[in-house]
Amino acid sequence: MLEKIKALSTEIENYLISSKEDLENYRLAFTSRNGILSQLFEEFKTVANDQKKVLGAEINKLKQLAEGKFLMHKEIIDAQEENNDTNKKDLTLPVIPNQLGSRHPLSLTRSRIIQIFERIGFNVSEGPEIEDDWHNFTALNFPENHPAREMQDTFFINKNPDILLRTHTSTVQVRLMGRQKPPIRSIMPGRVYRNEAISARAHCLFHQVEGLYIDKDVSFSDLKNTLYYFVKEMFGKDIEIRFRPSFFPFTEPSAEMDITCLICKGEGCNVCKQSGWVEIGGAGMVDPNVLKANNINPEEYTGFAFGMGIERMTMLKYQIKDLRLFTENDVRFLRQFSGVV
Ligand code: DAH
């Protein structure tokens with residue numbers, strides 16, 4: 001039987017295949033259900049047990065050789081056929097356009113925010129997502145052991161609790177004051193992290209845009225006017241903004257900002273809990289302690305800052321009800337933004 005296998009192996013190697021017919025003849029002779037290989041496997045069943053190991057290995061090698069040769073030539077012949085087909089195609093027909101991807105809704109909002117603020121002289125700054133305690137807390141006037149630190153649900157690194165994932169983009173304010181003298185007029189979009197259970201309304205990662213304006217004689221009315229302008233440009237002329245007193249360690253006075261609920265246009269609905277208003281972020285005058293911590297003289301300079309949620313604004317603008325849609329990458333969701341600019 002070993003002899004037979006050897007002979008077959010040579011025969012297979014020398015078999016010439018140059019057309020579709022050759023390939024079919026080859027298949028019938030060797031690899032088809034009634035081909036020589038099948039017969040060989042039948043014969044193999046009758047072989048004495050002590051020879052099975054050696055012969056089995058040889059037959060398998062032969063099978064691989066035969067099938068390998070078949071597949072290789074099939075590929076070549078198929079490719080040749082396809083080529084011939086192409087030659088027959090009508091090249092004057094109009095092309096079928098490729099499906100273009102679409103921009104992610106969060107990117108759309110981010111670009112729009114940048115566009116609006118660039119028009120009034122704000123540039124764009126960035127900072128790292130892995131931060132230290134100084135940039136996330138201390139330089140922003142969070143006292144040691146202050147409960148406001150806990151409110152942020154920070155992800156710390158076990159090995160070194162000084163290292164953390166930034167919980168807000170206010171860190172970039174600190175980065176910026178560290179590398180640039182006033183006047184500073186910048187917005188800082190970016191990703192932030194908080195140790196929160198994921199639900200329709202909360203996520204452990206989301207995006208904010210921070211704003212910082214430091215110069216001589218910057219006042220609270222500058223802050224209000226800037227944000228009035230932004231909200232009208234972003235959401236439309238009939239959308240109002242209101243400020244509610246609040247607390248942040250890094251601003252004094254501080255406010256939270258609400259805009260007219262875009263779902264019910266102020267009438268009252270589930271989304272705005274019947275109030276007609278929805279919150280989009282916080283703002284305030286930069287606390288003199290923050291300026292001092294960052295080597296800026298509070299006697300000479302004042303400033304305002306704000307931080308807004310990009311997911312929150314996107315959900316309002318496009319009436320998206322579940323935060324998780326942003327990270328699931330379901331194309332049925334993403335496709336709905338194709339062509340939106
Ligand atoms: N960092 C705040 C937060 O994540 C948002 C914020 C509030 C930013 C007031 C500011 C500000 O710059 O002035 O909740």
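**Helix packing and nonpolar cores**

Biologist: Which residues of α5 meet which residues of α9?

Modeller: Thr-109, Arg-112, Ile-113, Ile-116 and Phe-117 of α5 meet Thr-226, Tyr-229, Phe-230, Glu-233 and Met-234 of α9. Contact means heavy atoms within 4.5 Å, and helices (H or I, at least four residues) and strands (E, at least two) are DSSP runs numbered from the N terminus. By class, this contact has six nonpolar, two polar and two charged residues; Ala, Val, Leu, Ile, Met, Phe, Trp, Tyr, Cys and Pro count as nonpolar, Asp, Glu, Lys and Arg as charged, and the others, Gly among them, as polar.

Biologist: What kind of model is this?

Modeller: It is a predicted model, in which local features need pLDDT of at least 70 and side-chain atom pairs count only at pLDDT 80 or more, while totals for chains, interfaces and linings use all residues. Residues are numbered from 1 along each chain as its sequence is written, and side-chain values use heavy atoms, with hydrogens and water left out.

Biologist: At what angle do α5 and α9 pack?

Modeller: Helix α5 (residues 105-118) and helix α9 (residues 220-235) pack at about 130°, and their axes are 10 Å apart. Axes are lines fitted to C-alpha atoms, for helices over the stretch in contact, with angles from 0 to 180 degrees between N-to-C directions. The two helices are therefore oblique to each other (under 35 degrees is roughly parallel, over 145 roughly antiparallel, 65 to 115 roughly perpendicular, the rest oblique).

Biologist: And how does α5 pack with α11?

Modeller: The angle with helix α11 (residues 310-318) is about 100°, with the axes 9 Å apart. That makes α5 roughly perpendicular to α11. Pro-105, Leu-106, Leu-108, Thr-109 and Ile-113 of α5 make the contact with Ile-310, Glu-311, Met-313, Thr-314 and Tyr-318 of α11. Seven nonpolar, two polar and one charged residues form this contact.

Biologist: Which α11 residues are buried?

Modeller: They are Ile-310, Glu-311, Met-313, Thr-314, Met-315 and Leu-316. Buried means under 20% relative accessible area, exposed over 50%, partly exposed in between (1.4 Å probe, protein chains only).

Biologist: Changing topic, which residues touch the most other members of the largest nonpolar core?

Modeller: Of its 45 residues, these are Ile-113, Leu-227, Phe-230, Met-257, Ile-259, Phe-306 and Met-308. A nonpolar core is a set of buried Ala, Val, Leu, Ile, Met, Phe, Trp, Tyr and Cys residues joined through side-chain atoms within 4.5 Å. A second, separate core of 21 residues includes Phe-142, Leu-164, Ile-214 and Val-290.

Biologist: Is Lys-273 buried or exposed?

Modeller: Lys-273 is exposed, at 66% relative accessible area, and is located in the loop between β7 (251-260) and β8 (277-286).
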